[in-house]
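I opened the model today to look up the surroundings of the ligand, and then the packing of some helices. My entries follow in the order in which I looked.

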Amino acid sequence: MTQYSMLSPAQKYTRAFCTEEEISMADSIRKFVDNEVMPRRHDLEGGWHRDEKLALETLHELYSKLVKLGATKSNLPAEYGGLGLSPVVRQMVNEELSRADIGLATMVGKIHWIVSIMAAAKRDDLLKEFSPRIVGEDAWTACVGITEPAGGANLEDPALQFRTIKTIARLEGDDYVIKGHKIWPGPAGPADRFQSKYLKGHLGYWTVATTDPSKGEEGAGVFYIPPDAKGLSFSSPYEKMGFVWSDENVDVYLDDVRIPKRYRIDTEPGEGAKIIRGYIVGLGRLAGSARLVGLSQAVLEIVLDYTKHREIAGLPARQRSLFAALIGEMFRYIEVARQYYLAVTWQVSHPEIYGPPWSEQMIAKFSSARSFAADAAKFVTNTGMELMGSYGYSYEFHVEKYMRDYKIVQMWLGGAQRDRLDIAQGLYGPFKWGGFEDWARKEKLLP
Ligand SMILES: Cc1cc2nc3c(=O)[nH]c(=O)nc-3n(C[C@H](O)[C@H](O)[C@H](O)COP(=O)(O)OP(=O)(O)OC[C@H]3O[C@@H](n4cnc5c(N)ncnc54)[C@H](O)[C@@H]3O)c2cc1C
């Protein structure tokens, strides 16, 4: 694969938002990706015939190498043995890994996600409890459970104030007893599914629940459920378009799962709502924007290489003005999406100016970043495929895989429509959809 200087870490990451040292870290991840992951992209899906053994072995092996490289512990504060790096490094890890495989990047991102949830709640005790497994040589995976059968995006709708959550955590003495049903969280499933030569195990489930839906934001919280908790069970993995093994999604059933009280991550009234909005949904969307940019860059690189060698009536295709204009258009989308997510990430480190991650303004910006990067990925994968003709559609050149994969990163955590509504909320909130009050009263969600 040709290296394009405008697409190299040294050129694409703006020094107003990051340091030389951070760029050189991104460069090391990129080298790892070029040497180790790019050549095995097909194996991550088990090849054309979807060989599950090959897929899982490749996924676990590459993931364990990334753990050893320090990718998963990048945002864990140094006092717990992590690298304590800035939010921008989390984004660069996401972008660079997604050039090869956005599913593998998402698996790494799960550890960043759970660390950010516990750090946001200042849960020193829990960070101490989990850090030996996060910083050790062994590879572990983790899961965050939000979505429920009655709706995913409604949980992310600020107007509903978490009143639609049906997973209930009941306080009984020193324990919480949790009953509910989550759908789609991943990677999830029986513990032995996550034990292999390369993967030590599953850390467990950081689960959104409420003590009482009628309490709205005051009731919502995040509860840690160990992977071997009694009462925890799973369906078999869903069949879906992409992310087949990198994010095995299942139904998670919580049948009176008992956990010690200290496994409720948020500790103050209203803090759970802030963590869910800011750190689970908000920063989750921001991480998605970096992943979508990495994915789009990979497609642009494939198209640049292919159209250099493919001739149309005696000229390399990319010398034809229509091709050049569309390639320029692809770059333009990717570059703007990247510089915007970098700017928003920089703002996350300056809450004194821009507000905390759960503020409506920051949520609007996370949503702008994710939805714009998703539009970029949609344009780039679609146009890239058209410029390559049938070869773009073929398995060999990977574009079909990138096209399948970008779609869910646009749709999860509330999706493209919810992103737009959250931007409106930041601009002129409170934004409530028509008929909301009547409906919410009828459903007994509001008094
Ligand atoms: C591969 C994969 C991985 C996933 N990983 C996880 C995970 O780790 N954890 C987890 O909890 N979930 C996960 N999900 C689930 C995902 O986040 C949800 O499916 C998603 O948030 C949308 O929820 P929904 O499917 O219930 O759609 P719905 O809530 O039914 O929404 C459908 C559409 O309506 C739009 N919409 C919603 N509300 C409004 C409104 N008020 N007005 C206008 N439009 C609206 C949405 O944007 C969406 O486009 C995953 C899903 C997949 C496929």
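Entry one, the place of the ligand. I am working from a predicted model, and I began by asking which domains give residues to the shell around the ligand. Both domain 2 (143–269) and domain 3 (273–436) do, so the ligand lies between them.

Entry two, the shell itself. I found 26 residues around the ligand, of which Ile146, Gly152, Ala153, Gly415 and Gln417 come nearest. Looking next at the elements that give two or more residues to this shell, I noted strand S1 (139–145) and helix H13 (415–428), and H13 supplies the largest share, with five residues. Sorted by class, the shell holds 12 nonpolar, 10 polar and four charged residues.

The contact includes Glu360, Arg370 and Ala374 of H10, and Ala416, Asp419 and Leu427 are among the residues of H13. By class I noted six nonpolar, six polar and five charged residues in the contact of H10 with H13.

The axes of helix H4 (residues 87–98) and helix H8 (residues 321–348) come within 8 Å and cross at roughly 150°, which makes H4 roughly antiparallel to H8.

Technical notes
Residues numbered from 1 in each chain as written. Predicted model: local features only at pLDDT ≥ 70, side-chain atom pairs only at ≥ 80, totals over all residues. Near = placed C-beta within 6 Å. Helix = DSSP H or I, 4+ residues; strand = E, 2+ residues; numbered from the N terminus. Nonpolar A, V, L, I, M, F, W, Y, C, P; charged D, E, K, R; others polar. Domains from an automatic or database assignment. Axes fitted to C-alpha atoms, helices over the stretch in contact; angles between N-to-C directions. Parallel < 35°, antiparallel > 145°, perpendicular 65-115°, else oblique. Contact = placed C-beta atoms within 7 Å.
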